[in-house]
Amino acid sequence: MIELLLLKSRCSFHCSFWVILSYFINGFSAILGPTVSRIWKKIRMARSRVAILIMGVVLWCCLTTPAKAEYMKYKDPKQPIPVRIQDLLDRMTLEEKIGQMVQIERKVASADVMKEYFIGSVLSGGGSVPAPQASAETWINMVNDFQRGSLSTRLGIPMIYGIDSVHGNNNVYKATIFPHNIGLGASRDPELVNKIGAATALETRATGIPYAFAPCIAVCRDPRWGRCYESYSEDPQIVKDMTDIIPGLQGNIPTDSPKGVPFVAGKNNVVACSKHYVGDGGTTKGINENNTVIDWQGLLSIHMPAYHTSIMKGVSTVMISYSSWNGIKMHANRELITGFLKNTLGFKGFVISDWEGLDRITYPPHANYSYSIQAGIHAGIDMVMVPYNYKEFIDGLTFHVKNNVIPMSRIDDAVRRILRVKFVMGLFENPLADNSLVDQLGSQEHRELAREAVRKSLVLLKNGQSLNRPLLPLPKKTSKILVAGSHADNLGYQCGG
């Protein structure tokens, strides 16, 4: 009887100890790590006093040994980029993935917003600056402030800042202004355009910005289009030739680089963006954001060639056009974005919307934003230039994913492409800008290059009243020259656009 009571007592002690140990290990499993958890599973199967004793020794070692930081492949620059992308993607929540797909205007951005909503990108809209006549250092401080918010998140994914450096870093005070595309196309000089791309990249990086929304490779087919100055030419071949600005902006793509994979050479280069895909220069009567009526062969032969060439030169991003093709809004055209751009042309960078591009899928704009989100993301847009109402977009996209309207595979494709560009450009290794390039802003060398571009882009439309009485060359003894008209003394007009 006494032996039976002792046995029960030992069993009771054994069970109580087991329960307490179970609570301890389960409660601290996140701290103890996967190795201890695996050992614990084996012990639960054995339930022996010897095993418990061993477990006690293991726990003692774990608690007295300093914790080793978890190895994260995505943080290791020695790992192949596809491995880094997949490792990071596997760690991300839906909230973090959707955040990467959002680009917001700097006016609504802050370090706290970047951290709370995991925002993937910030931009300056036209004329949006941190301060009047802001210095390069002021720009850098602003960009870095947003970036620190991104880096303070759980996974520390850096944001990418974009700006319209379309003829130089033209939103920035004292930057070198180059001729607009229509002038550069008239120069018929791809080598010159390549140099301008490199200079623009330096002046954009000088302000801490690594992403330029350039080049515009529209083919202007109707001079009534008010944005013809953004087009290099009405001739598709000239527009193709001028895509040499892309290796100027991004750096020369290695000869062994896989087709369609984005490329950015380093900290002196920027991410480029071919825009606006596709047919923006072919709208009926040249009406902006209107309908481009043309058959498939016409689209391929006139408006598409420069995109194919851009992809071959490693362009990192493509921006979608406000316009339509035969009545279908480009921002909702899955056939052309996913079917042709991504699948046929093999573009591996990310596709970005234009400013409030999703809103304009409907008329009037924003009439049915829930539908617009569904249509745009389904079509293949990866990053959305919201730019202000980011909470509405995040809530709408989250709803569609959770209700299986938009599959998770589409979200993963978008985020994978965004991360690919960020890894390729070295953003994870160098997320914060420094002052090392500030002297490049408006440098004398770049101003001389701009003057060369002006000389080479000048076009003489008519020389005098007749061939027999040419006006030029002017007599060397001419005392006065009259320059007249609204553009005569207006720097803004003379810079174009």
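Strands (E, at least two residues) and helices (H or I, at least four) are DSSP runs, numbered from the N terminus. This is a predicted model, in which local features need pLDDT of at least 70 and side-chain atom pairs count only at pLDDT 80 or more, while totals for chains, interfaces and linings use all residues. Residues are numbered from 1 along each chain as its sequence is written, and side-chain values use heavy atoms, with hydrogens and water left out.

Now to the partners of this strand. Strand β2 (residues 121-124) runs parallel to β3 and is joined to it by 4 bridges; two strands pair if DSSP finds at least two bridges between them. Within this pairing, Leu123 has Gly162 of β3 as its bridge partner. From β2 the chain passes through helix α8 (residues 136-151) to reach β3, a right-handed β-α-β crossover: with the strands pointing away from the viewer, the path from the first strand over the helix to the second runs clockwise. Strand β4 (residues 211-212) also pairs with β3 in the parallel sense, over 2 bridges, and here Ile163 stands opposite Ala212.

Elsewhere, Ala332 lies in the loop between β9 (328-329) and α15 (334-344). Ala332 is partly exposed, with a relative accessible area of 24%. Not counting residues up to four places away in sequence, Ala332 touches Ile361, Ala375 and Ala379, contact meaning heavy atoms within 4.5 Å.

Conventions: Buried < 20%, exposed > 50% of the residue type's maximum accessible area, 1.4 Å probe, protein only.
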